[in-house]
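The following note sets out numbered points for a colleague who wishes to go through the structure item by item. Please read each point with the structure at hand.

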Amino acid sequence: MRSNIVSEAGLPTRLSHWWEGIPFVTSAIVIVCGIIYLVCLFVGYDSFAEICFWPSAVISRFQVYRIYTAIVFHGSLLHVLFNMLALVPLGSELEKIMGSLRLLFLIVLLATSNAIFHLFIALLAAHNPFHSFDYLMNECAIGFSGVLFSMIVIETSLSGVQYRSVFGLFNVPAKWYAWILLVVFQLLMTNVSLLGHLCGILSGFAYTNGLFNYLLPGSSFYSAIESLSLLASCVRRPKFILCTGGSPSGYIPTHTNTNSASSGVFSTGLWRSLSSLMPQRGGSAPAQAAPDSRFPGRGRTLGGSQNQAGPAVNSDLGLHDRLLDNGSSDRLSESLPVSTGQSILDGRVSADGAAVVGAPTSQQVSGTFEDQLQQLVAMGFEKTQAEVALTAADGDSSVAVEILMSQQARI
């Protein structure tokens, strides 16, 4: 085979491949917002005062529908294009972690909480005894950006990084990332709803700090909805991600390199979405198959070692039920297949393409095992179950977290 072969797929092919990688709910929101904008453009509809989030109208006329109609309408082509390009990387990552129905519920919850914060702050500012800001009660806000700011806070919290990049220009502490974006957009763009974006940030922090936990249904709720015959056609679609395969809650403890800076959503995320449509030069090595987002988890190679026995391969079956039921010593001594170098990072599957070679010494294994066990206990897991899960995961704390969280979802 000749090396340095230029494999250039056409734009329609690359666009189709990019679109197929977007999960079900995220792609559905993009389609809905895009169709609504095109219909408004073709029929000449611009009466956004009838559908926008207008605090005075919501309170005086009790027009609650504005909470949800406002997020799917956009005022210009750049408005809808920028919001949807930002939604694709954000929504795709969160949907692969949470599942399709859980993400849809999260978006509805964030839209509702954003509106409540918006109303509360507008009322407080308009009726404060020092200086009245009546214009906030008559501000008409539309667009998905308020929910996007909430998703930025949640995704940044799940990533576990300490720094994020703002448009690739400079790094900021991750906890200030959303606030920096709020200031930048307010300074660089006109006709931007400061209060709408601010309330999105507040909702995101409220969610990540567990203030909405009592509003989040359990996994059985999503499983019951997914089993409905009315949704059978949606659930069977390849892009639909079952909640039973994702995380039982929005917050997932992650094991990542916190010293590295993560690129910002509005810089690397948008550029990655656009660059995926461009032709690229391919090498002679075959490309590694992308993991199926419908079946999140740690991939293992069956028969990865020539000396691997058959029962050792079958020992991985029913891992959660066997190992986390009791911490007996005979179960801990079972061997597992050789890892292929895949790891779970930030709740997502990423392959480095290199097989695990060699074995560490017993002292290194013991020290590393105890350190990772202490990390799992610090996350709030029970020590016995954490030890069993860490042993089952070959000392990989990220996989152990996934096993523990999956077991909690079954309880």
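1. Disulfide. In this predicted model, a search of the whole structure finds one disulfide. Cys 52 and Cys 140 form the link, with their sulfur atoms 1.6 Å apart. The pair is counted because the cut-off for the two sulfur atoms is a separation within 2.5 Å. The angle about the S-S bond is -125 degrees, and the link of Cys 52 and Cys 140 is left-handed. Distant parts of the chain are joined in this way: Cys 52 belongs to the loop between helix H2 (24-43) and helix H3 (55-60), and Cys 140 to the loop between helix H6 (100-126) and helix H7 (145-159), the two residues being 88 residues apart.

2. Hairpin. Strand E1 (residues 163-166) pairs with strand E2 (residues 170-173) in the antiparallel sense, over four bridges. Three residues lie between E1 and E2, which form a hairpin. In the turn, Phe 167 has a positive phi of about 55 degrees. Val 172 in E2 is the bridge partner of Arg 164.

3. Salt bridge. How many salt bridges does the count give? The count comes to one. Its partners are Arg 164 and Glu 155, whose closest N and O atoms are 2.7 Å apart.

4. Ser 159 and Ala 174. Ser 159 lies in helix H7. At 2% relative accessibility, Ser 159 counts as buried. Ser 159 and Ala 174 are 15 residues apart along the chain, and their C-alpha atoms are separated by 9.5 Å.

5. Aromatic pairs. The structure holds 10 aromatic pairs. One of them is formed by Phe 133 and Tyr 135, at 6.3 Å centre to centre and with 75 degrees between the planes, an edge-to-face arrangement. Phe 133 is partly exposed, since its relative accessible area is 32%, whereas Tyr 135 counts as exposed at 54% relative accessibility. Why is the pair of Trp 179 and Phe 205 described as stacked? The planes of these two rings stand at 15 degrees, with the ring centres 6.1 Å apart, so the pair is stacked. This second pair links distant parts of the chain: Trp 179 is in helix H8 (residues 177-188) and Phe 205 in helix H9 (residues 194-208), with 26 residues of separation. Trp 179 counts as partly exposed at 27% relative accessibility, and Phe 205 is partly exposed with a relative accessible area of 29%.

6. Aromatic cluster. Which residues form the one aromatic cluster described here? They are Phe 82, Phe 149, Phe 167 and Phe 185. Phe 167 is also the turn residue with the positive phi between E1 and E2.

7. Val 43 is a residue of helix H2. With 60% relative accessibility, Val 43 counts as exposed, because the limit for an exposed residue is over 50%.

8. Helix H17. In helix H17 (residues 383-392), the buried residues are Ala 386, Val 388, Ala 389, Leu 390 and Ala 392. Just after H17, Asp 394 takes a positive phi of about 60 degrees.

Key
Residues numbered from 1 in each chain as written. Predicted model: local features only at pLDDT ≥ 70, side-chain atom pairs only at ≥ 80, totals over all residues. Heavy atoms only, no water. Pairing = 2+ DSSP bridges. Buried < 20%, exposed > 50% of the residue type's maximum accessible area, 1.4 Å probe, protein only. Salt bridge = Lys/Arg side-chain N within 4 Å of Asp/Glu carboxyl O. Phe/Tyr/Trp six-rings, centres within 6.5 Å; stacked < 30°, edge-to-face > 60°.
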